[in-house]
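Thank you all for coming.

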Amino acid sequence: MNPEHDYGTFESDQRIVAHSRYFAGLMGSYFFVRLRDEQKIVGARCEKCNKVFWPPRSTCGRCFSVLSLENLTEIGPLGTLETFTIVKYREPVHPRKAPFVYGIIKLDGADTSMVHFVDGVDFQKLAPGMRLRPVFANKRNGNILDIDHFEPLDSY
Amino acid sequence: MSERVAIVGVAQTVFSPKRPDVNYAELAYEAISLVLESTGLSVEADIDNAVSCSHDIWDGQTISNIGITDVIGGHLRNEEKLAMDGSTAVYYATIGILSGEFDCTLALAHTKMSQTNRNIVNNTAFDPIYSRLLGLDFTSAAALQAQRFMSRYNISEKQIAEVVIKNLANATRNPWVHNKGFYTLDQALDSPVISSPIRKMDIAPDSDGAVAIVMASEKKALKVTDKPVWIKGVGACYDAHYLGDRDLSECYALRSAAEQAYRMAEIDHPRDEIDLVELGDEFSYQELLWLEGLGICGSGEAADLTCRGFTSFDGALPVNPSGGLLAGVPTNVAGLNRVAEAALQIRGEAGDRQVGDVRIAVAQGHSGFCGQHQCVIVLGRE
């Protein structure tokens, strides 16, 4: 050891980068293809529980019934805002620059809700109960951002 | 099979925003060596199981307990890791000892939050198919929950700020934490909004640190210490993953975990029978929501209870006299620190933050966003 030299607190500077391709599943494949090609949103109905779930899933988490493609049903496109936040910070994982609004939106005909962006709204007028409609992306790639955002149904 | 399980030793590192001078194994060893020294136990002769809690991405490798096998006594021995809050180490250590399989377990939690970006790490906690691309993280998810909770029960930002003021003032008594001070309501409400309604001061700050606890069967415990802290009850429960599957103003998973723990501890009236609560206030509003889930009061009532001073340091039921997570306790370490603080209070060894005579204490920890997984530990002197 050289006493003149600063050995300090050395940090190993790294990034973890991985290109990943996650299978969307039986129900998810149908959901994303319908969304991409037809701009339709589907959920999955559990007949036993009489609930319509979004995202569509192949097992009911409540009664463990197996759900299949016959259980898929169109929901929305209109929905109701349940809660929201105005995000003021920036992260590289954000698909848009802050400030922006996340909302939890219950689509008509569904029993569970969807998190998505709410655009085109005066921040001061955001309120639970606000009626919203989806605006689909022009260029759709088969992911959740094929819904570009939701916007108020009435002019706010 | 052991009838009872006790905590026989507790040790913590100082929690600071960044510990550049230690890697995560060296950090873990600080707490481990302290707890072994204070109990006089040795890894070779006494410890027959180890359970650790940490987070792979923060540690920088998958199955990241590989990086601590040497310091936890896991080399050619039994050691398990949970990628969950530290409270679950106590839960599984208890089960292991009650089963008779193990006699003496080292429970550890360690995290260096300074090593990477919290929001990007937490973004990977969201499912990759439907949620992750939206860019969500624990803070924006918590903000959706806070807004829903406050709007449903008409809770004001001032009432939430009372939690911040209380916990940061309590933290001035705690030498282990780094975020502390006496703040006014105006100062708390002037803190910049990060994701409405959550402000900077509402968020537990990034911290580095570790906690180690030794737990033992009754027979072993009585040989090690004359101040055992008994595990009276444990409970754990998961809620749904998707935010839209849950009513975020409720915490059914915590209610269920608390019911399990109280049933085991024979607690019928938690508000009257519990002397102290240490809970996971990763965000300030959570202290109110978790108090409701713990059955200390009805839904929507915790804000008034807090503003009346019921949960303050010298109140009827002190909550987070340590300063809680807002004071600066790392994620994952959070719940084990809650258990450690509760145990120190029962032993009368909490120093300046000792609230008086504590016979029954409750520690709560949670994992995932918006408290998806909940764990409750009831500790007692008898």
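At what angle do helix α4 of chain B and helix α14 of chain B pack, and how far apart are their axes? Before I answer, please keep in mind that this is a predicted model, with an ipTM of 0.95 and a pTM of 0.96, and that chain B averages a pLDDT of 96, with 99% of the residues scoring at least 70.

Now to the answer: α4 of chain B, which covers residues 87-98, and α14 of chain B, which covers residues 333-347, pack at an angle of about 70°, and their axes are 6 Å apart. The two helices, α4(B) and α14(B), are therefore roughly perpendicular to each other. If you look at where they touch, α4(B) contributes B:Ser87, B:Ala89 and B:Val90, which meet B:Gly335, B:Leu336, B:Arg338 and B:Val339 of α14(B).

Let me turn to the contact between the chains, which takes 29 residues from chain B and 30 residues from chain A. On the side of chain B that touches chain A, the elements giving two or more residues are α5 (118-123), α6 (138-153) and β5 (193-195) of chain B, and the largest share, 6 residues, comes from α6(B).

Definitions and conventions
Residues numbered from 1 in each chain as written. Chains lettered and ligands numbered in written order. Predicted model: local features only at pLDDT ≥ 70, side-chain atom pairs only at ≥ 80, totals over all residues. Axes fitted to C-alpha atoms, helices over the stretch in contact; angles between N-to-C directions. Helix = DSSP H or I, 4+ residues; strand = E, 2+ residues; numbered from the N terminus. Parallel < 35°, antiparallel > 145°, perpendicular 65-115°, else oblique. Contact = placed C-beta atoms within 7 Å. pLDDT = per-residue confidence, 0-100.
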